[in-house]
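Here is a short report on one protein model. Look at the sequence and the structure first, then read on.

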Amino acid sequence: MKKVLFPLMVLLAVACTAGIYYLLFDEQTTKLFYINTVVTCLAEVLLLANIPIWSGEKMMTVRNAAVSVSVNVYAILIFLWTTVFTIAIYDSENESYKSLVIGLLCITLLFVILCGATMIGGETAEKHIKELNTAVSNRKLFVFSAQESFMNIKEALHEEDSDWKDETLRALRTIADKIGAMPTDKLSKHADIASELKERMKEIENMCENLASAENKQELQTKITRKTSKLKNYLVTIKTIM
């Protein structure tokens with residue numbers, strides 16, 4: 001329904017505009033009449049053509065929005081210039097349209113330059129936004145993975161009742177918080193470090209899950225403590241790099 005209704009609205013607007021200009025001009029066969037009618041109808045079509053861009057989420061991108069604004073400005077300027085020429089500049093005795101044509105050409109030239117610049121700038125902005133969104137999503141997954149590993153470790157050690165458990169969980173809680181505080185831009189630039197941190201947390205998680213069934217718990221606890229200490233030192237080291 002929308003695909004049919006919108007073109008009908010555009011045609012109706014153009015028809016109404018043509019009718020208004022027909023009634024406004026005393027002579028409907030002059031070049032000035034046709035120029036005003038065509039330019040105004042063109043401006044209307046350009047303005048109306050932007051409605052789908054602003055009303056659709058899929059089409060509403062930075063580049064499309066920038067180009068749409070440029071088109072709107074162009075449509076308004078050609079209409080205003082034609083109107084000003086008709087009212088204040090046009091000489092009915094000489095019937096010269098040179099100033100009108102020059103003005104329209106200058107406006108069109110400025111529009112082409114502006115539109116090209118906005119398209120290039122829009123593409124760059126879209127690329128930057130896409131990269132930023134990807135980096136934010138990756139960071140969320142990375143932080144979630146670290147927090148999930150900590151919760152799994154906490155669950156795996158719930159039967160333990162010792163000072164070692166409290167110290168280990170306290171250290172791992174600090175590590176998980178430090179990982180969660182890492183800036184998005186630094187994580188995106190150092191994906192290898194993020195992957196290394198994820199693997200080390202997962203390794204400690206697996207060791208904690210195997211603790212309950214281990215033959216020598218004290219030895220495994222020592223290994224977990226050593227791995228936790230190394231991970232803590234690794235975080236201190238990479239802080240100077242990132």
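Arg200 sits in helix α8, residues 191-209. Helices here are DSSP runs of H or I, at least four residues long, numbered from the N terminus. Arg200 is partly exposed, at 24% relative accessible area. That class lies between buried (under 20%) and exposed (over 50%), using a 1.4 Å probe and protein chains only.

Setting aside neighbours within four places in sequence, Arg200 contacts Lys230, Leu231 and Tyr234. Contact means heavy atoms within 4.5 Å. Leu231 is 31 residues away along the chain, yet the two C-alpha atoms are 7.0 Å apart.

## Confidence

The model is predicted: local features need pLDDT of at least 70, side-chain atom pairs count only at pLDDT 80 or more, and totals for chains, interfaces and linings use all residues. Residues are numbered from 1 along each chain as its sequence is written, and side-chain values use heavy atoms, with hydrogens and water left out.

pLDDT is the predictor's confidence in each residue, from 0 to 100. The protein chain averages 80, and 89% of the residues score at least 70. Among its elements, helix α3 (residues 51-55) has the lowest mean, 68. Helix α6 (residues 163-180) has the highest, 86. Where pLDDT is low, the predicted coordinates should not be read in detail.

## Pocket lining by class

By class, the lining of the largest pocket has seven nonpolar, no polar and three charged residues. Nonpolar covers Ala, Val, Leu, Ile, Met, Phe, Trp, Tyr, Cys and Pro; charged covers Asp, Glu, Lys and Arg; the others, Gly among them, are polar. Helix α9 (residues 217-241) gives the largest share of this lining, four residues.

How values were computed:
Helix = DSSP H or I, 4+ residues; strand = E, 2+ residues; numbered from the N terminus.
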